Amino acid sequence: MQTIVDVNSVEKSYGLTQVINHCSFKIYEGEIYGLLGINGAGKTTLMKMMLGLQQIDRGSIYVLGKEVSSNTEYLSNIGSVIENPTFYEHLNAGELLSMHLSYMQKKADISRALHLVGLEKADKKRILEYSLGMKQRLGLARAIIHHPKLLILDEPLNGLDPVAIAEMRGLMRKLTNEGMSILLSSHIIGEVRHTADRIGILSDGYIKQELSRCFSSGDTSKKRSVCEFVVNDEQKSPVENIEDYVIGFMRREQV
Ligand SMILES: Nc1ncnc2c1ncn2[C@@H]1O[C@H](COP(=O)(O)OP(=O)(O)O)[C@@H](O)[C@H]1O
Ligand SMILES: [Mg+2]
C-alpha cells in the first residue's frame, strides 16, 4: 500500500500556545482518512501545514514522497477545500472553473467536474445566487477538476442537507475507487463514522487513537452487524459504542 501522506512528530505553536504536539499518522492510497476532533483541536492547522499554508515548527510532513517545506511542486497533485471556500461570486460555475484551470495551467473537462458534484444544471447561474450546499459542491468541483491524487477536505459536510450528505459520501467513495486518497476533518462523530475507512482522533495536539473499519463495503457476513470499527493496534479490539469510545479520548481544556 503506497503511503500518500506521512506526518512525523509534527509540532506547531501559535505564539505561546502549542496546538500540535508530536503528531504522527499516515494516509494510504485509496483510503478515506477521517480526522476527528473537537473545535480548536488543530484539524485545520494540520491541513494547512500539509498545503504549505502554515509553517511546521518541528517534525516533518511528506506528501507523495516529497517533504512539504522544501518544494511546492507536489501541490499540483493535491486538491483542497479549507474552511469556507471563497469564489468570484459574479461568475458562473463554468467561468470560475475555466479561470481556475488557466491559473493552474491545466486542461480538464469542466462539464464532467460539474456533473460529478451535481451542479451541471446550475452552470449558468451566478455564484452569488448559490445556496451554501451549492457552494460546497462548487468548492469540491474546483478541488477535483485536475484529478489530484490527494484530496483534503476541511469539514466538507457542514451545511449540507441529508440528501446532499449521502451524495457527497457516494462521490467520495467513487473518487477513492478511482485511486484518490481523501483526508477529511470533522468534529461530528457520525460524519466520519459513516464516511471514513480509518479514523484518527486528534486530541491534545496528536493522534491519540486510530480506528479502522472492520469490514469492507462488500462484506455481508454477520461480523458486519456486530463490528463497525476496531482499534488500530496489535489486539484489534472491536469498538462497541463508537460515540462513547471517541468521547473518552477527547478532552476540553479545563477552565
Ligand atoms: N492563525 C492563527 N493564529 C493564532 N491562533 C490560531 C490560528 N489558527 C488557529 N489558531 C488556534 O489554534 C487552535 C486550533 O485551531 P484549528 O486548527 O482551526 O482547529 P480546528 O480546525 O480543529 O477547529 C485554536 O485554539 C485556534 O484558536
Ligand atoms: Mg477547523
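This is a short tour of the structure above, one selection at a time.

The model is predicted: local features need pLDDT of at least 70, side-chain atom pairs count only at pLDDT 80 or more, and totals for chains, interfaces and linings use all residues. Residues are numbered from 1 along each chain as its sequence is written, while chains are lettered from A and ligands numbered from 1 in the order in which they are written.

**Stop 1**

Select Met1, in the segment before strand 1. Helices (H or I, at least four residues) and strands (E, at least two) are DSSP runs, numbered from the N terminus. Met1 is exposed, with 8 other C-beta atoms within 10 Å. For this term, C-beta atoms are placed from the backbone, and a residue is buried if 20 or more others lie within 10 Å of its own, exposed if 12 or fewer, and partly exposed in between. Met1 touches Tyr28 and Glu29, not counting residues up to four places away in sequence; contact requires backbone-placed C-beta atoms within 7 Å. Ile27 is 26 residues from Met1 in sequence, with a C-alpha to C-alpha separation of 9.9 Å.

**Stop 2**

Now display the four strands that form an open sheet in the order 2-1-4-5, with antiparallel pairing. Two strands pair if DSSP finds at least two bridges between them. Strand 2 (17–28) and strand 5 (66–67) stand at the edges with a single partner strand each, so one side of each has no neighbour in the sheet.

Strand 1 (residues 3–14) is joined to strand 4 (residues 58–63) by five bridges. To locate this pairing, select Asp6 with its bridge partner Tyr62, then Asn8 with Ser60. Ser9 has a positive phi, near 45 degrees, and is not a glycine. Most residues other than glycine have a negative phi. Ser9 is partly exposed, with 13 other C-beta atoms within 10 Å.

Continue to strand 5, which two bridges join to strand 4. Val63 has Lys66 as its bridge partner there. The hairpin of these strands has two residues between them, and Leu64 takes a positive phi near 55 degrees.

**Stop 3**

Which residues are around ligand 1? They are Tyr14, Val19, Gly37, Asn39, Gly40, Ala41, Gly42, Lys43, Thr44 and Thr45, where the criterion is a backbone-placed C-beta atom within 6 Å of the molecule. The largest share of this shell, three residues, comes from helix 1 (residues 43–50).

Select helix 1 next: seven of its eight residues are buried, namely Lys43, Thr44, Thr45, Leu46, Met47, Met49 and Met50. Gly52, which follows the helix, has a positive phi near 70 degrees.

**Stop 4: the core**

Met50 leads on to the largest nonpolar core, of 59 residues, where Met50, Ala141, Leu151 and Ile182 have the most contacts. Such a core is a set of buried Ala, Val, Leu, Ile, Met, Phe, Trp, Tyr and Cys residues joined through C-beta atoms within 7 Å. Helix 4 gives the largest share of this core, five residues. Beyond neighbours within four places in sequence, Ala141 is in contact with Leu97, Ala113, Leu114, Leu116, Val117 and Leu119.

**Stop 5**

Finish at His147, in the loop between helix 4 (132–144) and strand 7 (150–154). His147 has a positive phi, near 50 degrees, and is partly exposed, with 15 other C-beta atoms within 10 Å.

Key
Contact = placed C-beta atoms within 7 Å.
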